[in-house]
Amino acid sequence: MTTTAGTDRQSGTPIELAERWGAHNYAPLPVVIERAEGAYVWDTDGRRYVDFLSCYSALSHGHRHPRLVAAMKRQLELVTLTSRAFHNAEMGPFLQELCAYCDMDMALPMNTGAEAVETVLKAARKWAYEVKGVPRHEAEIIVCADNFHGRTITAVSLSTEELYRDDFGPFTPGFRIVPFGDVAALEAAITPRTAAFLVEPLQAESGVRLAPEGFLREARAVTRAAGVLLALDEIQTGLGRTGRRFCCHHEGVKPDLFAIGKSLGGGVYPVSAAVGTREVLGLFTPGEHGSTFGGNPLACAVGRESLRVLEEEHLAERAARLGEWLLGRLRAIDCPEVKEVRGMGLLIGVELRPQAGGARRYCEALMAEGLLCKETHENVIRFAPPLVIGQETLEAAMERVESVLRRMKPV
Ligand code: PXG
């Protein structure tokens, strides 16, 4: 076997090396981050930027929160991996604290968001066969158009986005798709074989799209009446991001299952989980599901500290307060290319009109001004800073956002 690698294997800038040696499954902005702290990152030339993406909510605590770094270091000195073949001293307390935070009975620890979603789907199918009495392998799960639940074959099987799925079939069967926010369509899609309705309370990836007021509450009533589980993907919206512990709390809704991830790892480590009722998660028996790394002591120590910091630093309340201010500030900018500003807490989308020529060029202009943002879909700029961001930092950043929005010309 030959490779094109020669003696110049190591030569090139970090961007050139990533382009040469990495699969091109991303199109990053041309900035190379070398270090970070709180809401700031620095590039390899020492230039400082405000992080307005927060790794898609995984950095709610900010970069390298001192308490998370300390918790991780403490655990590094004790034990990092055990496998689930043995118990470890961190997992039980972590799951207890996680269940208390989520007001749930049981949790199943994984690593990534996609794995948490897969776990929720498996749990819902198992419940359908063992509790609801659906004939084996005939369970259906209802999902919403324009969802984002991850990148695995099953997660893209649920997707309605061509780019995410079209070259990756054949797909996992057993799903029905209804429009987001349409309770009548949900009700009509339910059959005696329906196990669950899986939904994001706010569709972040498809452009920070909010459901109509009351949708989640009505979906809860409909699923409960029909004997169908309500499973919420709060991987991006959960743990304070929208101004409450969970986005569904804005509507007073309690699901049967949560998929959570991202900021559960405090911005320092991948930690995810399916969290839910005993009636559902209590059905798993040894050997049916698992993960090499899920529930490892390092992840659990980090997860415990992540939840404590969220609570003790009142980060959900902070997201509510700063988010309210940010929404008003962005709405006050007079820019004809802006179609709509919407969001909850510190998860805000600025939708541009088609003549703006796409959100990417705005993100590039913002980068030149020292703000790191990312477009979501064609026309939406997402503003999702770490929840720890200072009010002055936010205010100064918005001056620059305003100048970019005012000065950009339609293409
Ligand atoms: N559900 C939701 C709502 C998400 O936002 C996932 C599931 C999957 O999580 P993992 O940890 O498996 O990526 C997400 C992830 C990216 C990317 O770079 C991921 C997300 C958002 C934007 C980009 O793959 N969200």
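Predicted model: local features only at pLDDT ≥ 70, side-chain atom pairs only at ≥ 80, totals over all residues.
**Entry 1: H12 against H14**

I started with helix H12 and helix H14, and their crossing turned out to be right-handed. For handedness I look at the near helix: turned clockwise from the far one by less than a right angle is right-handed, anticlockwise is left-handed. Residues are numbered from 1 along each chain as its sequence is written, and side-chain values use heavy atoms, with hydrogens and water left out.

Helices and strands here are DSSP runs numbered from the N terminus, with at least four residues (H or I) for a helix and at least two (E) for a strand. H12 covers residues 315–331, and its axis lies 11 Å from that of H14 at an angle of about 20°. That makes the two helices roughly parallel. The cut-offs I used: under 35 degrees is roughly parallel, over 145 roughly antiparallel, 65 to 115 roughly perpendicular, and the rest oblique. Axes are lines fitted to C-alpha atoms, for helices over the stretch in contact, with angles from 0 to 180 degrees between N-to-C directions.

Who touches whom? On the H12 side I noted residues including Arg318, Leu322 and Trp325, and on the H14 side residues including Leu394, Glu395 and Met398. Contact means heavy atoms within 4.5 Å. By class I got seven nonpolar, one polar and six charged residues for this contact. Nonpolar means Ala, Val, Leu, Ile, Met, Phe, Trp, Tyr, Cys and Pro; charged means Asp, Glu, Lys and Arg; the others, Gly among them, are polar.

**Entry 2: H13 against H14**

Next I checked helix H13 (residues 359–368) with H14 (residues 391–407): their axes come within 10 Å and cross at roughly 135°. H13 and H14 are therefore oblique to each other. H13 brings Tyr362, Ala365 and Leu366 to the contact, while H14 brings Val401, Val404, Leu405 and Arg407. I sorted them into six nonpolar, no polar and one charged.

**Entry 3: H4 against H11**

Helix H4 (residues 91–102) and helix H11 (residues 297–312) have axes that come within 9 Å and cross at roughly 30°. That makes H4 roughly parallel to H11. This crossing is left-handed.

**Entry 4: strands**

Is strand S4 mostly buried or exposed? Four of its five residues (106–110) are buried, so S4 is largely enclosed by the rest of the structure. Buried means under 20% relative accessible area, exposed over 50%, and partly exposed in between (1.4 Å probe, protein chains only). S4 pairs with strand S12 (residues 272–276) in the antiparallel sense over five bridges. Two strands pair if DSSP finds at least two bridges between them. I also found that proline 109 has alanine 273 of S12 as its bridge partner.

Then I followed an open sheet of four strands, in the order S1-S2-S3-S15 with mixed pairing. S1 (33–37) and S15 (371–372) stand at the edges with a single partner strand each, so one side of each has no neighbour in the sheet. S1 joins S2 (residues 40–43) in the antiparallel sense through four bridges, and glutamate 37 has tyrosine 40 of S2 as its bridge partner.

**Entry 5: threonine 152**

I found threonine 152 in the loop between strand S5 (140–144) and helix H6 (153–157). Threonine 152 is partly exposed, at 28% relative accessible area. Leaving out residues up to four places away in sequence, threonine 152 touches Ala114 and Glu118.
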